[in-house]
Amino acid sequence: MNIPFLGRRAKPGVPDPAGIADLLAECELLRSLASRESVRLDDSAASLEALDQLVPRWRDDEEVLSWLGNDAGLYLGTVIVRTVPGAAWEIRTDGQPVVRLASGREFDVVDYGHEWAASGVPELSQLYAEVAET
């Protein structure tokens, strides 16, 4: 997922971590889908569990599936960054947003989001639990 506009709020060469986090947290399609299903996305681990329980009606639409996979990964990353001490967004040189823990361990949350959207495995709440343990 290449996001070339991420530096728009920052001075050239100096990333704006808060601005990047806000942009990555938008997840419009996922938030819309969750709202229609009465799931409140409040950046908590419980909201990830609720997403895991949704009936995956989106799997028949390839375009929605891809977009939802991005959103699910970005939302997972948002929950991690906002609740796991020392976790932060990092944009790799290829433009892919990843979450880096204080330990240095890196998670390609967008890749996990695509897997979840396509098959439901691994569950978002399970991934969060694994990250929160470390």
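Q: How many salt bridges does a search of the whole structure find?
A: Among the pairs in this predicted model are R57 with E37 and D42 with R40, the latter at 3.4 Å from N to O. Searching the whole structure gives a total of ten.

Q: How many residues apart in sequence are the parts that R57 and E37 tie together?
A: The side chains of R57 and E37 meet in a salt bridge at 3.1 Å, N to O. R57 lies in the loop between α3 (45–52) and α4, whereas E37 lies in the loop between α2 (28–36) and α3, so the parts that the pair ties together are separated in sequence by 20 residues.

Q: Is R57 buried or exposed?
A: The relative accessible area of R57 is 56%, and the cut-off for the exposed class is over 50%.

Q: Which strand holds R100, the salt-bridge partner of E90?
A: The closest N and O atoms of E90 and R100 are 2.8 Å apart, and both residues also belong to a network of salt bridges that includes R92 and D94. E90 lies in strand β1 (residues 88–91), so its pairing with R100 ties that strand to residues 97–100, which form strand β2.

Q: Which residue has a side-chain oxygen that reaches the backbone nitrogen of E63 at the start of α4?
A: Helix α4 covers residues 62–83 and reaches 32 Å from its first C-alpha to its last. At its start, the backbone nitrogen of E63 has within 3.1 Å a side-chain oxygen of D61.

Methods. Residues are numbered from 1 along each chain as its sequence is written. This is a predicted model: local features need pLDDT of at least 70, side-chain atom pairs count only at pLDDT 80 or more; totals for chains, interfaces and linings use all residues. Side-chain values use heavy atoms; hydrogens and water are left out. Helices (H or I, at least four residues) and strands (E, at least two) are DSSP runs, numbered from the N terminus. The expected span of a helix is 1.5 Å times one less than its number of residues. A polar contact is a pair of N or O atoms within 3.5 Å; within protein, one must be able to donate a hydrogen and the other to accept it, and residues adjacent in sequence count only if both atoms are side-chain atoms. A salt bridge is a side-chain nitrogen of Lys or Arg within 4 Å of a carboxyl oxygen of Asp or Glu. Buried means under 20% relative accessible area, exposed over 50%, partly exposed in between (1.4 Å probe, protein chains only).
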